[in-house]
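Colleague: I've not looked at this one before. Can you walk me through it?

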Amino acid sequence: KILIIGACGQIGTELTLALREKHGEKNVIASDIREGNDDLMQSGPFEKLDATNYKAIEDIVMHYEVEEVYLMAAMLSATAEKFPMRGWNLNMDSLFNVLNLAKDKKIDKVFWPSSIAVFGPSTPKNDTPQTTVMEPTTVYGISKQTGERWCEYYHHKYDVDVRSIRYPGLISYKTQPGGGTTDYAVEIFHEALAKQAYTSFLSEETALPMMFMDDAIRATISLMEAPAETLSIRSSYNLGGISFTPKQLAESIEAEIPEFKIDYEPDFRQPIADSWPSSINDEQAQKDWGWQHEYDLEKMTKAMLDGLKSLK
Ligand code: VAH
């Protein structure tokens, strides 16, 4: 049985639906602090759960005989800058809860998401390597960098089978992002269809690593299915995907919606984006578990616009 904690979030929702498709709806228990969308709530078991409550997680694990946990609950970069201690406590307490369940052999395998937010201003910006200088300047990035260190520690010290991916900005038409800095790349599609215009909160030249959600879900499942002995990284794998600026994304949308117009009003999220890399090297993921992304900017733009129209 699989438990998804944070199943109602941007990644969690699609991950839950994909895992239910693969393993059968009864075998994938969704949990979150709040209820999710109809697709999620009607397709299998759901439990209200506070990810910082160890006993509550343990009760669900014992009750359903859970073997694998995907811990997708977190406070993202922009929101965590507004509530630093709440962000730190949620991101770290939830991780220790799950790592300790695995250490005590109550579960067999853990997935935990990291982020390109672990990199900072002193990190090489282009084609950022798997192992490099990491001096994150956001609460979220600090919590993800620390979390990676603890994942590696629990693996080497207690033989915990925890696996992790440094997700780039993720773009989906089925779920809303939750308080991140890359959220502009999702909002822009909704507003391109609704108003043929969008005001970007990041400047036109801000290049960031991005990925279409279908690629991210496929990467997550591939990593979790890889034989343990093939994995050389137990902190977190770089995952590259694509890299584009708001200007390039707008041009890609204009190719589909000629009247679309963009303008720029950078806000408090600009310095967060400026501290992150522009593109990521994911050779290690390619080597260890055969990773290859499928969606380039043009294919993602078409998939997003067609997907949003199909939901109307
Ligand atoms: C955020 N979407 O913006 C998340 C992600 C790389 C960005 O971690 O905080």
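Modeller: One term to begin with: a polar contact is a pair of N or O atoms within 3.5 Å. Also, this is a predicted model.

Colleague: Fine. How far is an oxygen atom of the ligand from an N or O atom in the side chain of Ser77?

Modeller: That distance is 2.7 Å. The side chain of Ser115 also has an N or O atom 2.8 Å from a ligand oxygen. Thr181 uses its backbone: an N or O atom there lies 2.6 Å from an oxygen atom of the ligand.

Colleague: And how much of the ligand's accessible area does the protein cover?

Modeller: 95% of the 280 Å² that the ligand has on its own. The ligand takes up the space of the largest pocket.

Colleague: Which residues are around the ligand?

Modeller: Among them are Leu76, Ile116, Tyr140, Tyr167, Pro168 and Trp276. Gly169, Gly180 and Thr182 are also in the list. The shell divides into six nonpolar residues, six polar and no charged.

Colleague: Change of topic. What order do the strands of the open sheet take?

Modeller: The seven strands run E3-E2-E1-E4-E5-E6-E10, with parallel pairing.

Colleague: Which strands stand at the edges?

Modeller: E3 (46-48) and E10 (237-238). Each has a single partner strand, so one side of each is left without a neighbour in the sheet.

Colleague: How many bridges join E2 to E3?

Modeller: Three, and the two strands run parallel; E2 covers residues 28-32.

Colleague: What stands opposite Ser31?

Modeller: Glu47, in E3.

Note on methods:
Residues are numbered from 1 along each chain as its sequence is written. This is a predicted model: local features need pLDDT of at least 70, side-chain atom pairs count only at pLDDT 80 or more; totals for chains, interfaces and linings use all residues. Side-chain values use heavy atoms; hydrogens and water are left out. A residue is near a molecule or strand if one of its heavy atoms lies within 4 Å of it. A polar contact is a pair of N or O atoms within 3.5 Å; within protein, one must be able to donate a hydrogen and the other to accept it, and residues adjacent in sequence count only if both atoms are side-chain atoms. Accessible areas come from the Shrake-Rupley method with a 1.4 Å probe; for residues, only the protein chains shown count as cover. On a 1 Å grid over the protein atoms alone, a cavity is a set of points where a 1.4 Å probe fits but cannot get out, and a pocket is an open set with protein on both sides within 12 Å along at least five of seven lines; lining residues have an atom within 4 Å of a point. A molecule sits in a cavity or pocket if more than half of its atoms lie within 2 Å of its grid points. Ala, Val, Leu, Ile, Met, Phe, Trp, Tyr, Cys and Pro count as nonpolar, Asp, Glu, Lys and Arg as charged, and the others, Gly among them, as polar. Two strands pair if DSSP finds at least two bridges between them. Helices (H or I, at least four residues) and strands (E, at least two) are DSSP runs, numbered from the N terminus.
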